[in-house]
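Please look over the sequence and the structure shown below.

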Amino acid sequence: MEQQEPILREEKYPAKTHCAKVASYLHSEHDVSKNAVIYLEGQITKLLEDNDEPQPFRQRRPFFYLSGCALPDCHLTYEISTSTLTLFIPPLDPDSVIWSGLPLLPPEALKRYDIDVCLPSTDLPSHLSKLAQKDPKPHLYVKGSVLTEHPSALPTDSEILQPAIDNCRVVKDAYEIALLRHANAISTRAHTAVLRAIPSARHEQDLEATFISTCISSGAKNQAYHGIFGSGENAATLHYQHNDQPLDGRRNILVDAGAEHDCYCSDVTRTMPLSGTFDPESSHIYRLVAEMQDAAFAMLKAGVRWESLHLRAHEVAISGLQRLGILRGGFSADELLQSRVSTAFFPHGLGHYLGMDTHDTGGNPDYGDKDLLFRYLRIRGGIPEGGVVTVEPGVYFCRFIVEPWIKGDQGKFIDAGVVERYWAVGGVRIEDDVLVTKDGYENLTTAPKAIEEMEKIMKGGA
């Protein structure tokens, strides 16, 4: 799949811009001297236990953010005073070339990455020694307990760099947004392929295979996370992992899966009818979840508090569940809200930040919150312009969660007889990836989600 965004074809990943952003944050928030140096090491090659094969490689996200380099066994330094970014890559190993071919060499790295200097990693100790000879001696800012293999004589701080990078990652630049948009384009292609494959599929893993195959053939070899392909009541398990059950006799399948493109994620959920058409109960719940998402979208813009959007989604859920008879009449909307009974059907948060990680940095969750309505929010507080979030309301009929509510003191709010008709729906979630703008939002996700569009595709339409 060709790069759709001109910026991805014409420019380099803006590593030096990110370095300068982090340096500015360190200076403004911690009064870090401009004489300081940032040091990071990338992910090292690790072998599988009791095996000579390497583990699947995933670059450390802070390292990629400041380098744009997804190679293993690399290091970087950023000298704040001169804005000099130096990348250290593994040296040429003739024995390795026999088996794996030529590695990336320094001249090629200089052309590929937004860096000033590229040296073999064997030069790192001497590079750190030269820095230590400067007067005044610069302070070294590192992430965690590093430099064990390459100890430095420089005074070192390992506490403040990681939070600084995490905060800087929240607001995305144009290049990052283009990467996220492209990852979403690949996921759209894969979700559409799943819709087309449903009529001939027999097991959940058939559709998982379709999704992954489409991503790989579209240029995304990695998934952003372990996909969820939950059919029937399996869809009521929020992070269902088995993906191996037969589809026969089940109404719907919830597909929560996203491609990763150049270390940037997509996170897309669609709920699809296995028969090609939603049955009445599934249609009622699907339309309610779509209404919840639309209500959140209507409020979304820079500065809005995430708690307000989440609360609004619950208000819509309560209204819809009462309309369907699942929540009993005779209680006011406020009574139902204060009882927190809606969390029996919508137990998770409305969404999370998205970027190089599926659950990206900067959300400041409070999982100790005593209020069940807000406990599982992955984002707290206002959303900045340029942040990318998922908006993923859902309604689920999970026996493990709902039945205790029915049997407990709050059971008066739930009509158990009506719920019986909905167990087989399992769960419905609709999730899009959204760029927050000054006055609203841009939806980066274009995967089909309208009922009529999905049913048309499943019947062989365009």
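What follows describes aromatic pairs and then a surface patch.

The model is predicted, so local features need pLDDT of at least 70 and side-chain atom pairs count only at pLDDT 80 or more, while totals for chains, interfaces and linings use all residues. Residues are numbered from 1 along each chain as its sequence is written, and side-chain values use heavy atoms, with hydrogens and water left out.

A search of the whole structure finds nine aromatic pairs, where rings of Phe, Tyr and Trp (its six-membered ring) pair if their centres lie within 6.5 Å, and planes under 30 degrees apart count as stacked, over 60 as edge-to-face and the rest as tilted. Two of the stacked pairs are set out here.

| Pair | Centre to centre | Angle between planes |
|---|---|---|
| Phe297 and Tyr441 | 4.8 Å | 20 degrees |
| Phe397 and Tyr422 | 5.4 Å | 25 degrees |

Phe297 is buried at a relative accessible area of 6%, whereas Tyr441, at 35%, is partly exposed; buried means under 20% relative accessible area, exposed over 50%, and partly exposed in between (1.4 Å probe, protein chains only). Both Phe397 and Tyr422 are buried.

One aromatic cluster is formed by Tyr13, Phe64, Tyr175 and Tyr264.
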